[in-house]
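Open your viewer and keep the sequence panel beside it. Follow the stops in order and select each item as it is named.

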Amino acid sequence: MSETSVHVPIGEARVIHVGGCPACRVGVMKYYFTCTGILLAIIFFPLGLLCLFGLQEQRCSHCGVVL
Ligand SMILES: [Zn+2]
């Protein structure tokens, strides 16, 4: 019986936290729809949906920073 060693690529194990907060590096950035965007989406439906997605903002769940 030949012993085979399993090599786990360390480089592949590195996880890039997509959506992480650049300010505190703790929280996670989440998308929030603004009141203006929702209002425009209702009034100018369906074209208002473009405004809704255009006006959405990223906010950190930890420190609350808005991008
Ligand atoms: Zn943050």
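**Before you start**

This is a predicted model, where local features need pLDDT of at least 70, side-chain atom pairs count only at pLDDT 80 or more, and totals for chains, interfaces and linings use all residues. Residues are numbered from 1 along each chain as its sequence is written, and side-chain values use heavy atoms, with hydrogens and water left out.

**Stop 1: the fold**

Switch to cartoon view. The protein has three helices and two strands. Read from the N terminus, the order is α-β-α-α-β. Helices (H or I, at least four residues) and strands (E, at least two) are DSSP runs, numbered from the N terminus.

Now think about burial. Buried means under 20% relative accessible area, exposed means over 50%, and partly exposed lies in between (1.4 Å probe, protein chains only). What percentage of the 67 residues is buried? Buried residues make up 15% of them.

**Stop 2: the zinc ion**

Select the zinc ion. Which protein atoms are its donors? They are the SG atoms of Cys21, Cys24, Cys60 and Cys63, at 2.2 to 2.3 Å from the ion. Donors are N, O and S atoms within 2.8 Å of the metal (3.2 Å for Na, K and Ca); water is not among the atoms, so sites may look incomplete.

Look at the sequence panel. The donor residues follow the spacing C-x2-C-x35-C-x2-C.

Next, check the angles. The four donor atoms subtend 101 to 115° around the zinc ion, so the arrangement is tetrahedral. Four donors count as tetrahedral if all angles lie between 85 and 135 degrees.

Cys21 is buried because its relative accessible area is 3%. Cys60 is also buried, at 5%. Cys24 is partly exposed, at 25%.

Val65 sits in the segment after strand 2 (57-60). Val65 is partly exposed, with 25% relative accessibility.

**Stop 3: sulfur without bridges**

Select every cysteine. How many disulfides does the structure hold? The count is zero. A disulfide is a pair of cysteine sulfur atoms within 2.5 Å.

Zoom to Cys51, which is partly exposed at 31% relative accessible area. Ala41 and Cys51 are ten residues apart in sequence and 6.6 Å apart in space, C-alpha to C-alpha. Ala41 belongs to helix 2. Is Ala41 buried or exposed? Ala41 counts as buried, because its relative accessibility is 6%.

**Stop 4: the nonpolar patch**

Show the surface. Select Phe33, Ile38, Leu39, Ile42, Ile43, Phe44, Phe45, Leu47, Leu49, Leu50 and Phe53: they make a nonpolar surface patch of about 1,200 Å². Helix 2 (35-43) and helix 3 (48-55) are the elements that give two or more residues to the patch. Helix 2 supplies the largest share, four residues.

Patches are made of residues with over 30% relative accessible area and no salt bridge; like charges are joined within 9 Å, and nonpolar side chains (Val, Leu, Ile, Met, Phe, Trp, Tyr) within 5 Å. Accessible areas come from the Shrake-Rupley method with a 1.4 Å probe, and for residues only the protein chains shown count as cover.

Pick out two members. Ile42 lies in helix 2 and is exposed, at 61%. Leu49 is in helix 3 and is partly exposed, at 31%.

**Stop 5: one salt bridge**

Select Arg59 and Glu57. They form a salt bridge, and their closest N and O atoms are 2.6 Å apart. A search of the whole structure finds one salt bridge. The term means a side-chain nitrogen of Lys or Arg within 4 Å of a carboxyl oxygen of Asp or Glu. Arg59 is partly exposed, at 31% relative accessibility.

**Stop 6: two backbone details**

Go to Phe45 and Pro46. The peptide bond between them is cis, with omega near 0°. Pro46 is in the loop between helix 2 and helix 3.

Finish at Arg25. Arg25 is not a glycine, yet its phi is positive, at about 60°. Find Arg25 in the loop between helix 1 (10-13) and strand 1 (29-32). Arg25 is exposed, with a relative accessible area of 74%.

Definitions and conventions: Tetrahedral: all angles 85-135°; square planar, octahedral: opposite > 155°, others 65-115°.
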